Amino acid sequence: MFRETIHHSSGVIEGAANEQHATMLLTSAVRRGYDVEFTPAGGALITWTRHLFGAGGNSAVRADRSISLEPFTPVGALSDTARDDLALIAGDRHARYDEQDGRRVIRGLVWQIPAFTTARLRARGLVVEDGDRLRLSLTARLGLLAQAHRTSTTAPNGWYRPSAADPYGSAGLNRPGGRAGMLRDSGSAATCACGELSGWGGDRDEARRLTRDHRRAVAAAFIAEHLAYVPAPAAARCDCGGCAECMTG
Ligand SMILES: [Zn+2]
Ligand SMILES: [Zn+2]
């Protein structure tokens, strides 16, 4: 379950969203071309912009909209072992709860997770029963993905003295504040833990935009490839517990 916070035309609305509802929001958002980012806690942030016409009809006003989904039980830090266990469960359609010596365990086709670990995965909301099989919760899937794509940007070098090899460079000699003869480097590198992003921004804001674009691309690809589209409820209930209709407001 997620805590859902909607910033739309009539202000801020809070509610709760189950997996089905969250999936509807995420798949609708991608269909509409809105931006989605996942959080390491296992939540998501959907953002988009409206251009509204003000009174008189000729002044366009930019309005930022968002829906955030925060899991009631955050994924938290995961050990390598926990990651391995989750990968086992995710990769086996036969994963299910079973009993061993009177205690609940998770069993797959050719593997078994001990009772103590089973209890922890269950208490942390990382696994859920779906019919008679066991699968990862949506929270676990979003959190794992976000944790695999932790991005960072480097601090710009700032003012520095040109090296001896380039004693003059293009440094201005009459800069104020003791900076005569110094150069300014505002560049910032953008990288991701997945190793697939190595960007360079002219300044840190630009580098941060590169990391954000990367996280958004990762989220959009995941939603398109791994989440089945859930249509919005036929009856719009836009007053609003989080219908897809509020994405239009
Ligand atoms: Zn990445
Ligand atoms: Zn609505």
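Predicted model: local features only at pLDDT ≥ 70, side-chain atom pairs only at ≥ 80, totals over all residues.
Glu-37 belongs to strand β3 (residues 35-38) and Arg-215 to helix α5, so the pair ties together parts of the chain that are 178 residues apart in sequence. Glu-37 counts as buried because its relative accessibility is 15%, and Arg-215, at 23% relative accessibility, counts as partly exposed. Side chains of opposite charge can pair when their charged atoms come close. The structure holds nine salt bridges.

Another of the salt bridges joins Arg-96 to Asp-98, with the closest N and O atoms 3.7 Å apart. Arg-96 has a relative accessibility of 35% and therefore counts as partly exposed. The side chain of Asp-98 also meets that of Arg-107 in a salt bridge, at 2.5 Å from N to O. Asp-98 is partly exposed, its relative accessible area being 24%, and Arg-107, at 22% relative accessibility, likewise counts as partly exposed. Elsewhere, salt bridges that share partners join Asp-35, Glu-37, Arg-215 and Arg-216 into one network.

## The zinc site

Which atoms coordinate the zinc ion (ligand 1)? The donors are ND1 of His-149, SG of Cys-192, SG of Cys-194 and NE2 of His-214, at 2.0 to 2.3 Å. The arrangement is tetrahedral because the four donor atoms subtend angles of 104 to 116 degrees around the zinc ion, and every angle in a tetrahedral set of four donors has to lie between 85 and 135 degrees. For comparison, the ideal angle for four tetrahedral donors at a metal is 109.5 degrees. Along the chain, the donors of this zinc ion follow the spacing H-x42-C-x1-C-x19-H.

His-214 lies in helix α5, which spans residues 204-226, and counts as buried because its relative accessibility is 13%. The C-alpha atoms of His-214 and His-149 are separated by 8.7 Å, although these two residues are 65 residues apart along the chain. Leaving aside residues up to four places away in sequence, His-214 touches His-149, Thr-151, Cys-192, Cys-194 and Leu-197; His-149, Cys-192 and Cys-194 are also among the residues that coordinate the zinc ion.

## Aromatic pairs

The count of aromatic pairs comes to two. In one of them, the rings of Tyr-34 and Trp-48 have their centres 4.7 Å apart and their planes at 5 degrees, so the pair is stacked. This pair links distant parts of the chain, with Tyr-34 in the loop between α1 (19-31) and β3 and Trp-48 in strand β4 (residues 44-53), 14 residues apart. Tyr-34 is buried, with a relative accessible area of 14%, and Trp-48 also counts as buried, at 5% relative accessibility.

Phe-38 and Phe-222 also pair, and because their ring planes stand at 90 degrees, with the centres 5.7 Å apart, the pair is edge-to-face. Here again the pair links distant parts of the chain, since Phe-38 lies in strand β3 and Phe-222 in helix α5, 184 residues apart. Phe-38 and Phe-222 are both buried. Strand β3 and helix α5 are also the elements that hold Glu-37 and Arg-215, respectively.

## Charges over rings

## The chain as a whole

The secondary structure of the protein chain comes to five helices and 15 strands. Of the 249 residues in the chain, 38% are buried. When contacts between residues at least 6 apart in sequence are considered, 54% of them join residues at least 24 apart.

Note on methods
Residues numbered from 1 in each chain as written. Chains lettered and ligands numbered in written order. Heavy atoms only, no water. Helix = DSSP H or I, 4+ residues; strand = E, 2+ residues; numbered from the N terminus. Buried < 20%, exposed > 50% of the residue type's maximum accessible area, 1.4 Å probe, protein only. Contact = heavy atoms within 4.5 Å. Donors = N, O, S within 2.8 Å, 3.2 Å for Na, K, Ca; no water. Tetrahedral: all angles 85-135°; square planar, octahedral: opposite > 155°, others 65-115°. Salt bridge = Lys/Arg side-chain N within 4 Å of Asp/Glu carboxyl O. Phe/Tyr/Trp six-rings, centres within 6.5 Å; stacked < 30°, edge-to-face > 60°.
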